[in-house]
Amino acid sequence: MCSRLRHALGVQLLVAIFFVAITASPARAIPTFDEVRADFKPSDTVLLSREGEVLQRLRTDPTVRRGQWVPLADISPALRQALVLSEDKRFFEHSGVDWRAASAAAWGNLWNQRTRGASTITMQLAGLLDGDWRQGPGGRTVVQKLGQTVAAQVLDRRWRKDQILEAYLNLVPFRSELVGIDALSRTLFGKAAHGLDDREAAVAAALVRAPNARPALVAQRACGVLRDMQRGARIDCDALDLFTTAALQRRAFDASEGVAPHFARHLLRQRFGKDAAVPERVQSTLRAPLQRFAMQTLQQHLRELRGRNVEDGAVLVLDNATGAVLAWVGSSGQLSQASEVDGVLALRQPGSTLKPFLYGQAIEQRRLTAASLVDDSPAHIATAGGLYIPQNYDRQFKGWVSVRTALAASLNVPAVRTLVMVTPDAFHRQLGAMGLPLRESGDYFGYSLALGSPEVPLLHLTNAFRTLANGGRLSPVALAALGPGRAPAFTAALDPRAAFIVGDILSDGNARARTFGTDSVLATRFWTAVKTGTSKDMRDNWAVGWSERYTVGVWVGNASGAAMHDVSGTSGAAPIWAAVMGFLHAREPSRAPKAPAGLLQAGVRFGPGPVAGGMPGGAPEPRAPLEAARSEWFLQGTQQALFAIDSIAEKAYPSRAEGQKSPKKSPAQVVDAPSAPARITAPAPGTIIALDPDIPPARQRLQFTATGDGLLWRMDGKPLGRGPRVAWLPWPGRHVVQITDARGQVLDEIRIEVRGAGVAAGAVAPPIRAAAH
């Protein structure tokens with residue numbers, strides 16, 4: 001037996017000497033502690049604000065779960081004690097290899113006795129640093145063991161003990177995909193590594209030896225570790241078993257955590273692509289206090305609107321000069337059933353927020369001025385699909401109004417009449433120039449384009465308003481800070497004079513008073529220009545506007561597309577917009593922009609408007625001006641002192657309120673003409689009316705108008721109404737519409753057709769597009 005033992009030891013010694021010579025060279029290539037620390041890559045990327053504050057932690061490596069590198073000083077003393085007692089009791093005494101433990105292990109292997117492993121923490125770290133020494137499924141080979149031994153001694157000479165322990169705790173696999181103490185402590189215990197107590201430390205140490213063992217086995221080993229830590233104390237292993245089982249089922253370390261999840265994902269996609277390596281920390285343009293305020297304001301306001309069937313929203317803040325994103329809130333978070341949907345990028349109908357670009361184009365083309373008069377009265381516009389009948393949000397008409405009033409008060413019919421002048425295709429091209437590329441052509445949307453029927457994301461819409469703030473110059477949104485001396489590349493999208501006039505209108509509280517009142521939430525104590533919008537059926541609600549330095553866009557609605565209940569521009573998005581603007585300018589002024597060259601300001605007067613009725617005795621009633629005299633901005637060459645309705649305009653717009661008379665003309669304006677026969681003026685004969693299932697039936701009425709006195713209306717032979725105008729709730733089918741005199745004689749007749757399916761009994765609808773303001 002002794003000879004056999006001496007022979008075996010001699011062979012092992014020779015083999016050891018041989019392989020030490022082979023493995024010594026690669027062992028000397030072990031990296032330094034600083035190199036290992038620098039090479040460490042968490043599975044998460046941290047998004048920093050421009051101030052350097054952590055805003056979001058986002059998982060970017062799906063193959064492993066590593067947290068941040070934790071310095072040894074920030075690791076619980078209990079865990080350090082538990083690990084040394086469990087894995088390497090003489091860690092602070094040996095030089096990388098515990099020869100006493102190695103001898104005991106070799107002797108036990110010789111006699112086939114089960115002994116505790118001789119692998120030290122330093123040897124295990126060597127295996128983690130170099131895959132050549134890593135244990136395979138069948139255990140380590142002799143070469144691996146010898147190489148690991150040499151590497152451990154080299155490591156111990158070059159590194160301090162605290163560096164070895166720190167690197168080991170950050171690199172060791174614990175359980176399943178969890179690597180490193182930060183991932184383990186946050187996942188299983190929901191806390192940072194410095195907060196682990198004795199019981200948690202014992203469980204963590206037990207997992208090092210058997211990462212994927214059953215909970216009962218982990219608890220058994222943890223109980224042994226805890227006994228070593230608390231010598232003399234009574235340990236309740238049954239309670240520790242329950243605690244361990246619960247901890248191993250916990251997943252407290254979320255894949256994403258912070259206040260800017262949607263922006264973080266978008267930024268990483270744009271900057272690094274899908275497969276590129278993402279750095280540990282990414283600097284952004286976001287302002288941390290502003291981001292938190294915007295998120296809190298959105299959530300608070302949506303809680304107040306909870307009874308109105310609205311749960312989602314988004315907020316975007318841009319720097320006017322650079323295009324930098326200062327706040328990006330893509331969702332209401334826990335209030336939403338679709339919190340992963342980014343409301344800043346989602347395609348939604350913008351409603352009336354497109355009107356500033358339409359009027360800006362008409363002003364640029366010198367088709368209109370801010371003082372031009374447009375008719376806000378019922379309009380029936382023939383299209384290939386039937387009649388297009390725009391309506392105002394409040395279902396009322398204002399008559400003749402100036403462009404300033406039409407835009408500021410967000411009147412729909414004047415916008416549609418303006419689009420008829422500009423044409424849908426030309427406006428479609430203008431929207432593209434403003435950074436709003438639409439998937440379909442202008443003809444696809446038709447005249448509903450004026451009221452925001454296409455779908456656009458809040459990101460592009462807000463940047464288009466920023467283009468107005470920059471005098472019609474467009475530049476891309478910046479997700480990261482521009483380098484020193486670099487400026488955004490601007491392109492001309494709109495005449496700066498037209499952009500200035502549009503901004504001046506949108507900042508005019510008096511002009512918007514007809515719709516919003518004088519005490520609107522849109523009125524700020526500093527200079528701002530703002531436009532609201534509501535898409536059809538109240539599915540989307542917007543408020544977008546700018547100050548001297550910032551552009552803010554807000555959307556509220558439902559990610560599912562469900563309609564809100566009685567939520568308008570001033571009750572939905574506008575309060576959030578006003579709050580964010582107030583936060584931005586709490587200590588910062590906002591001054592009105594200076595007028596660009598080529599503009600002039602001149603006084604204008606407005607002529608009297610048509611009124612109904614008259615004075616007793618048949619005398620004409622005195623008429624007030626359409627609007628009060630004021631000073632107005634004009635492109636040079638388009639100015640005029642008086643804006644009035646003449647006889648030609650009267651004939652061009654025959655659709656007026658019932659009983660309305662033409663304004664009194666001067667002798668030079670009077671034109672003698674024979675009285676015209678009674679006739680139906682709208683709709684045209686043969687009109688096909690297409691029903692829109694998205695519009696509430698009660699709100700979809702077709703207006704019939706006619707010329708003549710004492711008229712009686714009949715629909716399919718049945719009485720319909722009397723007077724020059726009647727409204728009708730359409731019913732699918734072919735219909736005959738007649739006007740008769742008091743004796744029943746038919747004076748005029750037209751035939752129309754109403755098409756549509758799925759209409760509830762008793763209520764049908766023509767294509768009255770949902771109006772938005």
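A search of the whole structure, a predicted model, finds 16 aromatic pairs. Rings of Phe, Tyr and Trp (its six-membered ring) pair if their centres lie within 6.5 Å; planes under 30 degrees apart count as stacked, over 60 as edge-to-face and the rest as tilted. Two of these pairs are listed here.

| Pair | Centre distance | Plane angle | Class |
|---|---|---|---|
| Phe357 and Phe465 | 5.2 Å | 75 degrees | edge-to-face |
| Phe704 and Trp713 | 5.9 Å | 35 degrees | tilted |

Phe357 belongs to helix α14 (residues 355–364) and Phe465 to helix α19 (residues 458–469), 108 residues apart, so the pair links distant parts of the chain. Helices are DSSP runs of H or I with at least four residues, strands runs of E with at least two, both numbered from the N terminus.

Arg65 lies over Phe253, 4.0 Å from the ring centre, and Arg473 over Phe490, at 4.0 Å.

Residues are numbered from 1 along each chain as its sequence is written. In this predicted model local features need pLDDT of at least 70 and side-chain atom pairs count only at pLDDT 80 or more, while totals for chains, interfaces and linings use all residues; side-chain values use heavy atoms, leaving out hydrogens and water.

Terms used: A charge sits over a ring if NZ of Lys or CZ of Arg is within 6 Å of the ring centre and within 35 degrees of the ring normal.
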